[in-house]
Amino acid sequence: MREIGYDKDLYVQPFDHRGSFKKKFFGIADDWTVDAGTDQYTPIVETKTIVYRGLLWAIDLGVPAEQVGILVDSEYGSHIQFDARAKGIPVATCIEKSGQPVFDFEYGPRWQDHVRFVAPDIVKVLVRHHPADPVAERYEQMARLKQVSDHLHANDGPWFMFELLVPATTDEEKQAGARYDEELRVGRMVEAMRELQEFGIEPDIWKLEGLSSREQAAQVAEVARAGRSADGKSREKVGCILLGRGSDKAQVHEWLRTAAPVPGWIGFAVGRTNFADPVKAFLADRSKEDEAVGQIARNFKECVDVWREARG
């Protein structure tokens, strides 16, 4: 059984969006199934490939290949997963069912078979978890997540990436508006992380929302690395990475500068901020394919440069 944690630099291009990707770029309803071989399926696959090519171009521009990673779904990006693995690029894949308020498995009881087939370096789950959520929902969700944690650690499997979203939930939080992001969210994040750890869920990598200060970033990283698992393993090598939330570039870069110098923060996973506008330009004019790929590459590299400069 391996130790807990991932403490190497990690710069991820996430484009595992499914329901939101179909809706945002193609106007297809979240719950509408797009089968392989249909007229709607091919453009989605083509667009995901554009994003991947942008990452490859970023490597050509000087981003260290050993520090990058891709996070892409198997539904529209299985060809990307296989190509990246052949090139030695760390591959992360998602196993959550898209758009669910309570975590559930995309592949049902066969999710373990899917992980064995894809053979990723990292398995990622996206979870909305707030301490004020109904108790029954929280425990149903945590029971499923513990299956993932136990399976990956017991079998020396892929690293476990946990994307934690803690949206404003109570009336007080919703009324707080921007103050929730700036002041209140960090406290709820800490509560949620501790509850998940106490339940026996042990991420190697926490994928977390941006924070307003280095003090907040340090508070979260301290929780991620505090204490030991139920079987006595240290969490001292657990890493945190920053997600972009589809925010504008200036805001994301500010979050990067905030987190980068803080011990325990190892990188980022910024997706839509880097690829949304270039993808829209490509879909509006297919002759601008190379321009879109190049812009995605430059946007990604800029995030890496901002991070490394702030890291010192």
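These notes cover the barrel, the helices packed on it, and the nonpolar cores of a predicted model.

1. Basis. In this predicted model, local features need pLDDT of at least 70 and side-chain atom pairs count only at pLDDT 80 or more, while totals for chains, interfaces and linings use all residues. Residues are numbered from 1 along each chain as its sequence is written, and side-chain values use heavy atoms, with hydrogens and water left out.

2. Eight strands form a closed barrel in the order 1-2-3-4-5-6-7-8, with parallel pairing. Neighbouring strands of this sheet are turned by 25° against each other on average, direction ignored. Helices (H or I, at least four residues) and strands (E, at least two) are DSSP runs, numbered from the N terminus; two strands pair if DSSP finds at least two bridges between them.

3. Strand pairs. Strand 3 (residues 91-94) runs parallel to strand 4 and is joined to it by three bridges; T93 has V123 in strand 4 as its bridge partner. Strand 7 (residues 239-243) and strand 8 (residues 265-269) are also parallel, with four bridges, and L242 is partnered with F268 in strand 8.

4. Strand 4. Six of the seven residues of strand 4 (residues 122-128) are buried, so this strand is largely enclosed by the rest of the structure. Buried means under 20% relative accessible area, exposed over 50%, and partly exposed in between (1.4 Å probe, protein chains only).

5. H114. This residue lies in helix 4 (residues 111-118) and is buried, at a relative accessible area of 13%. Leaving aside neighbours within four places in sequence, H114 is in contact (heavy atoms within 4.5 Å) with S74, T93 and Y107.

6. Helices 2 and 3. Helix 2 (residues 41-60) packs against helix 3 (residues 74-86) at an angle of about 35°, with the axes 8 Å apart. Axes are lines fitted to C-alpha atoms, for helices over the stretch in contact, and angles run from 0 to 180 degrees between N-to-C directions. On the helix 2 side, the contact residues are Y41, I44, V45, K48, T49 and Y52; helix 3 supplies E75, Y76, H79, I80, D83 and A84.

7. Cores. A nonpolar core is a set of buried Ala, Val, Leu, Ile, Met, Phe, Trp, Tyr and Cys residues joined through side-chain atoms within 4.5 Å. The largest has 81 residues, of which I70, F162, W206, W265 and F268 touch the most other members. Helix 11 (residues 289-311) gives the largest share of this core, nine residues. A second, separate core of 11 residues includes V12, I205, I241 and I266.
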